[in-house]
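Before I write anything down, I want the sequence and the model in view.

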Amino acid sequence: MATTNHAKPKALRVASLLPSTTDICISLGLEHHVVGITHECDFPSSSHPLYLSAAPLLVDDTSSNVINQNGKITNVKPLTLTISQIDPHLQSQAEIDAAVKSSLHNGISLYNLNDSALTDARPTIVLTQSLCDVCAVAMDAVDSEIACNFRPGQCKVLSLEPESLEEVVETFVTVAEACGVTDKGVKLKEKFWEGCRQISHATSLSKKGGTKPTVLFFEWMDPPFDAGHWIPDMVKQSGCSSAAALSCSKNTRKSVQLSWEQVYGCDPDVVIVGCCGFDLRRNEEDARAAKKKLEKLRAFQEGKIFASDGNLFFARPGPGLREGMAILARCAYDGEDEVVDALERLEFMPKEGEGWSRVAFPEDNEPCSIPDVEDLVNENSSKLHDEACQAKADFYKDPKTGYTVYTEYAHRKRGKCCGSGCRHCPYNHVNVKDKANRIQQPAFLYEGANSGDNAILASLSSIPHRSHVKVVFFSGGKDSFLAIRRLVKTRLASSPLHIILLTTFDVESRIIAHQEIPIETVLRQAKHLGIPLLAIPLRRGSGECYVDRIERGLDAIRKQIPDMSQMSLVFGDLHLDHIRDWRDKEMSKYELEYPLWNVPYEDLMEDLEASGITVRVSAVTKDGLKDGMIFNRKMWYDVVELGMDGFGEEGEFHSVAEVWATSREQALGL
């Protein structure tokens, strides 16, 4: 291929009307020349792994989007050139599908061009496409805008229409050539295909005698669409076979709608949910919402339903497809250690929990409120796990959910935390990024603030040797918050106070038992207060009793602070004897503290008022009370008038302490 450069980079001003062409420009080192982007572009994010080579192209060009100051280049933020009629964050898949079909039927584009922004950007080249009217501004609208607002020859329009993977890769050179950096396009193309060869080598290590796993890739789920355009090529390049292609014939490269009966007829080994335009979290949510439909598949029963970032790694015909193929191979060959190890050694392989994940489905009829101290259910999946570990098995089948669960033995063979929040992770989820939403074993969600202004605010790493650590059982409500204030108030100046918050929550719903607040709320509280937070997920039917789970959490603290002199457990109980008796019996090996025990309610209310925080009712069990009520002196009196405990100690209501309503110092009484 010729490598002649046809344009001078110094005159270049690029308007990118596709996220994929923005990715290509950054990979070509042209980010300093991009003057306009779409509302969907991730720019600038040159540290993202999908950018294969982001060496900046340094030029002296005062007419472009580069401002020279003392010989240095400063970027001006690219203008946003497009607007969408669809908000994928607020609408369901069915609603988006209906909007798309209505738009196509009526000839109305879902994407609009901001004509004034395009004029202000003064591009010399516009990168767009005419392949799919659903995905971007219509080509006719682009041509019309250029004709009306630019002189002939002032701005070139380059329309890309790749349908296959090979055609996608050729667009790297096409864009590079149009921008005057053809050599960079050729190198980018070569690097992409080298990544494909590395993936093929990894999958060739399979011990299954050439049998390729069958994959069903959902480009959409409601209604279901199979993968189209370049994705079937990606499936093939990743050492897999398309389950839909094997069972459903079609005469187009486009994605086609399937019935669920056709989906079941595919009987894929592996299912990957990578819906167009959605990130990993959204695809996880939609996969879980489709559980009733997916559970009929063999892949569901075998724990082979995965989600991916369909937006970054599949929908965009750009450099990120290399990562998409690595994800396809990793999911399809899951369980084959040699293949998995080879794939995970690739520098561009997205991490589990970031670019892809195994979908954890909620259990049927699981209530939002889970058992805690008073009512934890004890069943036998923990026993099955223990037996599987003793037999040196890598996984066992959960009798309640029916899907495969990897054992602690399997994780220890790997030798590290994989970052996906596995149920039996023995590494305290050290590599999990979004811990609040993913952990299934005790782990620190927050390690505290290094403020240095007060011992109570010390982070885990700042707690001195031989310290006395107080672990406050923290539900996020007013009582456990007041327990912290009482500890601060009564501490001795000569005796530094080191606090760690401990909370438990439902592993499926991520809700704090009885308080009915999400774990993210407690994390927000801990961050505002600057106090380390240890979270312990509880699983109904796990076979582990409450005390066993707590002990696992305390072990995590011991690993972080191995040389502490003493560890006390602190509770916010007010006056219920049977709860205190239970704690005293079951946790007798620890020093237990009850700083609020039998403290008059008037004193507690005065302290609450002094804190300056807002306390809001988060759950109620009695008539006459409502969620969202503000707990204050008036509500206390009103509750008493209704014949209930004024502070809800008998379970009449539960609360959340909105500590962020005031400063950390006032909230804690520092």
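The entries below go through a strand, a sheet and a helix in turn.

**Ground rules.** I am working with a predicted model, in which local features need pLDDT of at least 70, side-chain atom pairs count only at pLDDT 80 or more, and totals for chains, interfaces and linings use all residues. Residues are numbered from 1 along each chain as its sequence is written, and side-chain values use heavy atoms, with hydrogens and water left out.

**Entry 1: strand β22.** I took helices (H or I, at least four residues) and strands (E, at least two) as DSSP runs, numbered from the N terminus. Is β22 buried or exposed? I found six of the six residues in β22 (residues 533–538) buried, where buried means under 20% relative accessible area, exposed over 50% and partly exposed in between, with a 1.4 Å probe and protein chains only. On one side I listed Leu 533, Ala 535 and Pro 537, and on the other Leu 534, Ile 536 and Leu 538, so that both faces are covered.

Next I looked up its neighbours, counting two strands as paired if DSSP finds at least two bridges between them. Strand β19 (residues 443–446) runs antiparallel to β22 and is joined to it by three bridges, with Tyr 446 opposite Leu 533. Strand β21 (residues 498–506) runs parallel to β22 with six bridges, and Thr 504 has Ile 536 as its bridge partner.

**Entry 2: a sheet of five strands.** I traced an open sheet in the order β13-β10-β14-β15-β16, with mixed pairing. Its edge strands are β13 (241–242) and β16 (356–358), each of which pairs on one side only. Strand β15 (residues 305–308) pairs with β16 in the antiparallel sense over three bridges, and there Phe 306 stands opposite Arg 358.

**Entry 3: helix α6.** I noted several buried residues in α6, including Val 186, Leu 188, Phe 192, Cys 196 and Ile 199. Covering the buried residues of α6 are, among others, α1 (19–27), α5 (165–178), α7 (231–237), α14 and α15 (337–344).

How values were computed:
Contact means heavy atoms within 4.5 Å.
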